[in-house]
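Trainee: Could we go through this model together? I would like to begin with one residue and then look at its surroundings.
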Amino acid sequence: MRKYGILAMMLLMGAFSFGVSAQGGAVMEINKAEFVQKVFDFEKEQEFKYKGDKPCILDFYASWCGPCKMLSPHLDDMAKEYKDKIYIYKINVDKNRDLASAFGASSIPLVIFIPTEGSPAAARGYLPKEELVNAIETVLKVKK
């Protein structure tokens, strides 16, 4: 099994069928270095431990992906609606292949909901806005 296979399995085992504050109410695109600093150092740590001070949503996407393009405006809305309560990070899988591989982002969009405490949950594919709200409230335990 690959080094990060256990991490990917742990995240996806918590997957829901529903399938960020993003600073200043905006979605933030991050690269591997920023991910290691703000979310999790997947190269050094064996056990997942979120580094953030607020829950976050990770959106693994590609610019050419139709469902990713459909999801993006919903994430922008969530960043505004939950301003100062969650972070939303976008990770381009084409520019961050090792990070995408570590998290099993072979099918996109892959959205991972990470509470400050507890287990992350993942959802693959397009998520309607109502399902994002449901995940934020149930997995991240954040209310508007």
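Trainee: Where does D59 lie?
Mentor: D59 lies in strand β2, residues 56–61; strands are DSSP E runs of at least two residues and helices are H or I runs of at least four, numbered from the N terminus. This is a predicted model: local features need pLDDT of at least 70, side-chain atom pairs count only at pLDDT 80 or more, and totals for chains, interfaces and linings use all residues. Residues are numbered from 1 along each chain as its sequence is written, and side-chain values use heavy atoms, with hydrogens and water left out.

Trainee: Why does D59 count as buried?
Mentor: Because its relative accessibility is 0%; buried means under 20% relative accessible area, exposed over 50%, and partly exposed in between, with a 1.4 Å probe and protein chains only.

Trainee: And what does D59 touch?
Mentor: Leaving aside residues up to four places away in sequence, D59 touches L71, L75, Y89, K90, I91, P109, L110 and V111, where contact means heavy atoms within 4.5 Å.

Trainee: Turning to β3, how many of its residues are buried?
Mentor: Six of the six residues in β3 (residues 87–92) are buried. Y87, Y89 and I91 point one way, and I88, K90 and N92 the other.

Trainee: How many bridges join β2 to β3?
Mentor: Six, and the strands run parallel; strands pair if DSSP finds at least two bridges between them. In β3, Y89 is the bridge partner of L58.

Trainee: Which residue of β3 does M28 stand opposite?
Mentor: M28 stands opposite Y89. Strand β1 (residues 28–29) is joined to β3 by two bridges, again in parallel.
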